[in-house]
Amino acid sequence: MKRISDFIAEELAAAFEAAGYDRSYAKVTLSNRPDLCEYQCNGAMAGAKAYHKAPIMIAQDVVAKLEGSGCFCDVQAVNPGFINLKLDERFVADYLDEMETDEDLGLNKTDNPKMIVIDYGGPNVAKPLHVGHLRSAIIGESVKRIARKMGHNVLGDIHLGDWGYQMGLIITELKERKPELPYFDENFKGEYPAEAPFTISELEEIYPTASGKAKEDEEYRECALHATYLLQNGHKGYTAIWNHIMHVSVNDLKKNYANLNVDFDLWKGESDAQAYIPDMIERLKKEGFAHVDDGALVIDVQEESDTKEIPPCMIQKSDGASLYGTTDLATLVQRVKDYHPDKVIYVVDKRQELHFVQVFRAAKKTGIVPSETELKFLGFGTMNGKDGKPFKTREGGVMRLENLIAEIQEEMYKKITDNRTVEEEEAKNTAKTVGMAAIKYGDLSNQASKDYVFDVDRFTSFEGNTGPYILYTIVRIKSILNKYQEEGKAVTGLKVNQQSGESEKALMLALVKYNEMMENAYEELAPHKICAYIYDLANAFNHFYHETKILAEENEAKKQGYIALLILTKKVLESCIDVLGFEAPERM
Ligand code: ARG
């Protein structure tokens, strides 16, 4: 559907032209004085010099041409030359009715769908998920849903950290504990057991123990490094252990991400990139992109316009081992070959930015990625505790994701059952749903690149700019609609009021902005803009609700108009929270 701002811009451009002025002066913005009007045009001021005229004269000329416009109910030229614009209610009402009947609520989906790969989540196998991985999952999931909503083809890839030193550590510790296992017998000829020699909880204990030992004990560390090396070079027994680790961990990760309503299309990892490394390195050497520097193989990525030094991208250590950058480049080889992406978005901690500058430049320079493919780093800030330091448990340890979620759910449960009689089962489910909204909205309402404070009390509040407040608003609408239906009335085919009260019009004006808001959130990969929008929308609705007797309205036609407006408000809010990655309960 045509954006409301396009309607306005066209009307203004035509009026400037009809009055003898250039169309380019007809720029319209949201009003600085919402008490007087909704939109304004400052073009008369901008044109004053070119036309040697007082701005107010130009403004008056333009206003005269806007008379009878279907868009506006009131147009004023105001000193020194503002043009104040008030939208016509019938025009807005018709626009909303059209939105309501459109399956995409008037959204302008792209007619040129792009193939987009989003690299997010990025957990490290065998290490417990912690809150650091929470942000990547939440933001990445939302960006994926926004891009899909705009009509693009999107693949979300978890990009597991499954090939590193942690694997060598686990193998080493396992060997110490259970040397009798066949994986460590170099002469073993039979089939390795199908059952893993550990459970997920054992695994989660083995890793930190091994990691602690390696820090203390140089010999142990050497063993772990050597085990990593053997694994990466195809050691049979270690590969079998690696498969067990993967199986046990991935099952657990799947459960954890499902609890977060985060869903990956691809469960690939660093290990999947390894097969592409030898040929890639061979080519980069042959074509002169990579050269040896201090024993290591590197690709220069410094550019003339750089104001600071960008170190070369290292792709092989002097001992022949590959590095983080090698894996990311090889992953791009695989992605280009398998998916031909137009765009690859990385949702990763912003402290890794330099790494991605190096990788992107190396990928472009060497032709690993075609020049027209866009590589985008979406770096996020740190999640801090109330003390402003990275989030910790009360005891000062690293907070595990499941514990954090449990804590939020408990808090929600308390609030939900406070002074109310709710069935245990229902209260638990509601606490889950609302808790998810509290966490996700708390995160996404901040611009991703900024650090933010994870404040359980604030995030779980039913008031203010929070997820629960948004859900509460939706639940309130659902309840009114239910009561209306209980009166035996139909909720289809209703039209919003052509004449509206003040708070009603404010709500209508918030709704018409939905399509351009969503487009903008996609273009800027900015879920926080959706949060800001639904907060305004929820406020506009609640204001309207408090000022209006909706169900008690005696004029049946007017009441139907209210109901139509509620239906659309609910649809828009639900569509927005869906792309943010959470949903509303029936009651709360
Ligand atoms: N596993 C990495 C970490 O925990 C994040 C991976 C990010 N994605 C990537 N393609 N490098 O830091």
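This report describes a sheet, a helix, the domains and a ligand shell in a predicted model.

Residues are counted from 1 along each chain, in the order in which its sequence is written. Because the model is predicted, local features need pLDDT of at least 70 and side-chain atom pairs count only at pLDDT 80 or more, while totals for chains, interfaces and linings use all residues.

An open sheet is built from four strands in the order E1-E2-E4-E3, with antiparallel pairing. Here strands (E, at least two residues) and helices (H or I, at least four) are DSSP runs numbered from the N terminus, and two strands pair if DSSP finds at least two bridges between them. Strands E1 and E3 are the edge strands, each pairing on one side only. Strands E2 and E4 are joined in the antiparallel sense by three bridges, and Gln40 stands opposite Asn84 in E4.

| Strand | Residues |
|---|---|
| E1 | 28–30 |
| E2 | 39–41 |
| E3 | 72–78 |
| E4 | 82–87 |

Helix H3 (residues 55–65) lies across E3 and E4 and runs at about 160° to E3, where axes are lines fitted to C-alpha atoms, for helices over the stretch in contact (C-beta atoms, placed from the backbone, within 7 Å), and angles run from 0 to 180 degrees between N-to-C directions.

The protein is divided into domain 1 (4–87), domain 2 (167–242) and domain 3 (437–580), with bounds taken from an automatic or database domain assignment. Between domain 1 and domain 2, the C-alpha centres lie 73 Å apart.

Around the ligand are Asp119, Gly122, Asn124, His159, Gly161, Asp328, Tyr346 and Val348, each with its C-beta atom, placed from the backbone, within 6 Å of the molecule.

Conventions: Two residues are in contact if their C-beta atoms, placed from the backbone, lie within 7 Å.
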